Amino acid sequence: MEVSEQLRKKFDHPSVEYRSLPFWAWNDELQEDELIRQVNQMKEQGMGGFFIHSRDGLETVYMGREWMAYTRKTVETAKEIGMQVWLYDEDRWPSGFAGGLVQDRGGDAFRAKGLTMEVRQEIGSDDLTDSVVLFKAVIDERNLVRCEKLHDGKFIALNEDEVLLVFRVEISERSAWFNNEAPPDNLNPETVQAFIDITYEAYKQEVGEHFGHTIRGVFTDEPSVHDSHCKFTAGRGWLPWSWSFPDFFQERRGYDLLDLIPYMYFNGEYSTQVRHDYWWTLTERFSESYSKQLGEWCEKNGIDFTGHYLWENNMGTATRVCGAVMPNYRYQQLPGIDMLNEQTNEYITVKQCTSVANQYGRKFVLSETYGCTGWAFTFEGQKWMGDFQYVLGVNLRSQHLALYSIKGCRKRDYPPVFNYNTSWWKYNHVMEDYFARLSSVFTEGRPIRDVLVLHPSSTAWSMVGTGPYGFPARGKDRDVSATNTFGHEFNAFLGKLLRAHYDFDLGDEIILAETGEIRGGNLAVNLVEYPIVVIPVIQTMLSSTFRLLSDFLEAGGKVIAVGQRPTMIEGRQSDLLSKLYDHANMTVVVDIEDTVTALERIQPRRVSLTNTQSIEANEMLYMLREIGDCRVLFVVNNDRKGTHRISITMEGTGSVEEWNALTGEAKDVEIVVRDGYVHFEDVFGPADSKLYIMNANKSVENHPVLGRSSADETSVTVVELGPVCRFTRSMPNVLTLDTCSYRLGDDSWSEETGVWQAQRAVRDALGMRQVYYNGLEQRYKWIDEPHPENGTSAVFRFTFQVSVMPSDDVYLIVESAEYYDIQLNGEMISNLPVGWFLDRTFDKVLLHGLREGANELLLSCKYHNRMEVEDIYLIGDFGVDADRAVVAEPETLKFGDWCLQGYFHYCGSMIYHFDVIVENNAKNRMVLELGEYSAVTVEVRVNGRTAGHVPWRAANQLDLTEHLNDGANQIEIEVMGSPRNMLGPFSSYGW
């Protein structure tokens, strides 16, 4: 079977290994039946597996007996239905502390440490024996004029212009986020060994027989050496530290770091050198202590190590938390990233990871993605973000999040949700199939990238000191902020290079020192060879990088250097770089535009994507892969608003097909072959993408006029429908009640306020910890502990207006209905649920006693520490007007915003019904084109059968010809909404 046929077979029926693996958040009191049910539903909706992820709200003890039993049962269920299970190695995040068990085992040796500095104006009489080193110094704000190390704790009196610098190793304070422990010391290899023993070995003991089969690997999440919860004595600057770090530094760098330590805090003669060496050494220590140990354990035990590192997109903050990101990917069998928010700006985040994956021959690259995009996130948003990452080398998605429960504050845990408890869940398979088809292709062969761009991490090392007087947050110290700006400029440089259609890998200097060599005139990084190197704006480089680049130039390699020539090697002034920059094979340019011009002289593009003005279209991105006798070209329109006609030129010869990843269909593309390239044209809609397969073994037919494809040339009829039509809802309508009054005991009623504010006030009054937000100590640690105010009488009063009485039953949706006595207009209502709505913890209670005009709903309870009081909802067959009163439903629906037509809080879909008469169907193509719309996704049905999906605007026109009958036809257009209008927020209440 030819390569193209094998590829096509995978594309047609992508298996589980190519399908997404959501973060399945175990975030409540777990029940075995519910876990099994959700696993089966994820399978039904096209997912390939899941990560078992401890999350905020968990009420089952993490790593306890029940947790392990549920893990085993879930793994066995996944095995039965052919899904993959991935473990997650922490209680929430960041990884490394095993929910606090690591620190409990090792004490202060395993707790995060900081080397703090106190600036004292006088010596004082207190004991300084806790110091590790003392200096007397003359300083000018953040500048160090001079300093002298004081030996043996003995010092002379300070002169008037001198200060005493006192350096201590402090243990971080404890934090509720770490279950009332300090963050872990990940610079201590023994800390990580304990983490492996407590977590990894425990999972091996419980489900190890499934390793390498049903259990494919484990995810580590945002490990670091400077967690945001690290806290030391106020007013003191600090650096990440460990008791063994000075000896490690001495071994690697050959001198005592403490001899020059003031230059980490102040600017002075040795600052760039010491900072460079400190972060260089910290990078080595962290990657070897943490990532290497975990990677080696996973490899030994037959599973893949994956996960992502902290602040991949911010170079300064990344330096602060792990030194440099890229060296860690060497130890991951499946490298991974995190892409938050609805944006496509982080070229550096993706390229750091996919470059190492390419250089080390990793088949898969994972992205934890879509977090913080909100409840209203659409399928087009998924595609736009996903295509951006896939065209840069990612090929596996992990959606953030699939929440086990959205009860309480869980619904505010960085939505959206990719599970049964979101209203559009029945359509999830559409996105799963789309990305699985892409993954089945993008995991084969290798990307073609001729350019290696030097990563400027060593420059970042030389820039980042630490505030001598403390700083409010990791990213807000002056040096970190400045280095972030430097990193953002580098990110913009990478983006412009990609949009000029020169693909590349990044070269990390530690990896270059380890695997770089000259091979056949090219610069090789492990498995990959590059004929061209681009040096971006830098200030320094490693001496090993200097030697490698010198050898590359001497071997005939081409180097393009941007900006002013650097003057330092390893943070120290040096004249050696002049020899490099003056070499005949070195081209020095000013900016990105000159870089592209220089590349065009050295290396013609393998892929050119030009607009109607014959200019490289900077809206377009591409990936070119070689798979046996085939070349695969993926072209992405990153412009979410515009449509572009593009002329495509691709190196090579052979027939070209377009494979549609949404529908699975394939069609021939009309091409012209000229001068070793194929040429064709295509039109890309907003956020569009197209996958082309060039087969060198198939005969090529030149077409004198470039066209799209061998499409049917029969006439096209566009049917216009609406603007008023019959409709049905897919779910009951909703009225959200998100304000209330409250009282405790015999107190008077409060003023009306947001429900979350009422709960906050109640818990303040009762001396209970807050639960309206995420980030507390995990609930399993405290909810069952007795509280002196448990049982306090509390009443929450909700009011609403009914302008027109509904003719059918109305239901109250309330979380944990069993906690409440319910009254409507003075009449008791049974709190016994008759079902559930949206989430199985959202109890559905039958209301009776509704009346026209004002209605009062009372929820009375004996308040308990474990309770979470949330918004409540009315559901039924009624309308809701702009004043949020219950009104009659309209008989027809107009095109446009349905919120203003009686569905203010509605979270389901609207099905628009049309009757269409078709005559002489055989001679005409019938195409349905939607006008402007806003939806998560759209399904079109003709005569009761699905005719197609419109999950994004570029897929808008649907050919209905084969689905329509002569005569009468029924067309249904189901426009899918989201939970946003139900779950809110709706008010401007501050948090």
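Colleague: Which residues form one aromatic cluster here?
Modeller: In this predicted model, one aromatic cluster is formed by Phe195, Tyr200, Phe211, Phe286, Tyr290, Trp297, Tyr309 and Tyr329.

Colleague: And how many aromatic pairs does the count come to?
Modeller: The count comes to 53 aromatic pairs, taking ring centres that lie within 6.5 Å as the rule. An edge-to-face example is the pair of Phe97 and Phe178, with 4.7 Å centre to centre and 65 degrees between the planes.

Colleague: What does the pair of Phe97 and Phe178 tie together?
Modeller: Phe97 lies in the loop between β3 (84-91) and α4 (101-106), while Phe178 lies in the loop between β7 (163-171) and α5 (189-207), so the pair ties together parts that are 81 residues apart in sequence.

Colleague: Is Phe97 buried or exposed, and what about Phe178?
Modeller: Phe97 counts as buried because its relative accessibility is 0%, and Phe178, also at 0% relative accessibility, counts as buried as well.

Colleague: Which way would you class Phe245 and Phe249, stacked, tilted or edge-to-face?
Modeller: Phe245 and Phe249 form a tilted pair, with 6.4 Å centre to centre and 55 degrees between the planes. They are four residues apart in helix α6 (residues 245-253), which means that about one helical turn separates them. Both Phe245 and Phe249 are buried.

Colleague: Switching to charges, which ring does Arg216 lie over, and which one does Lys351 lie over?
Modeller: Arg216 lies over the face of Phe364, at 4.4 Å from the ring centre, whereas Lys351 lies over the face of Phe504, at 5.0 Å from the ring centre.

Colleague: Now the sheet with four strands: what is the strand order, and is the pairing parallel or antiparallel?
Modeller: The order in this open sheet is β27-β30-β34-β33, and the pairing is antiparallel.

Colleague: Which strands stand at the edges?
Modeller: Those are β27 (607-610) and β33 (672-674), each of which has a single partner strand, so one side of each is left without a neighbour in the sheet.

Colleague: By how many degrees are neighbouring strands turned against each other?
Modeller: On average, neighbouring strands of this sheet are turned by 25 degrees against each other, with direction ignored.

Colleague: Back to β27, how many bridges join it to β30?
Modeller: Four bridges join β27 to β30 (residues 644-651), and the two strands run antiparallel.

Colleague: What stands opposite Ser608 there?
Modeller: The residue opposite Ser608 is Thr649, which is in β30.

Definitions and conventions: Residues are numbered from 1 along each chain as its sequence is written. This is a predicted model: local features need pLDDT of at least 70, side-chain atom pairs count only at pLDDT 80 or more; totals for chains, interfaces and linings use all residues. Side-chain values use heavy atoms; hydrogens and water are left out. Rings of Phe, Tyr and Trp (its six-membered ring) pair if their centres lie within 6.5 Å; planes under 30 degrees apart count as stacked, over 60 as edge-to-face and the rest as tilted. Buried means under 20% relative accessible area, exposed over 50%, partly exposed in between (1.4 Å probe, protein chains only). A charge sits over a ring if NZ of Lys or CZ of Arg is within 6 Å of the ring centre and within 35 degrees of the ring normal. Two strands pair if DSSP finds at least two bridges between them. Axes are lines fitted to C-alpha atoms, for helices over the stretch in contact, and angles run from 0 to 180 degrees between N-to-C directions.
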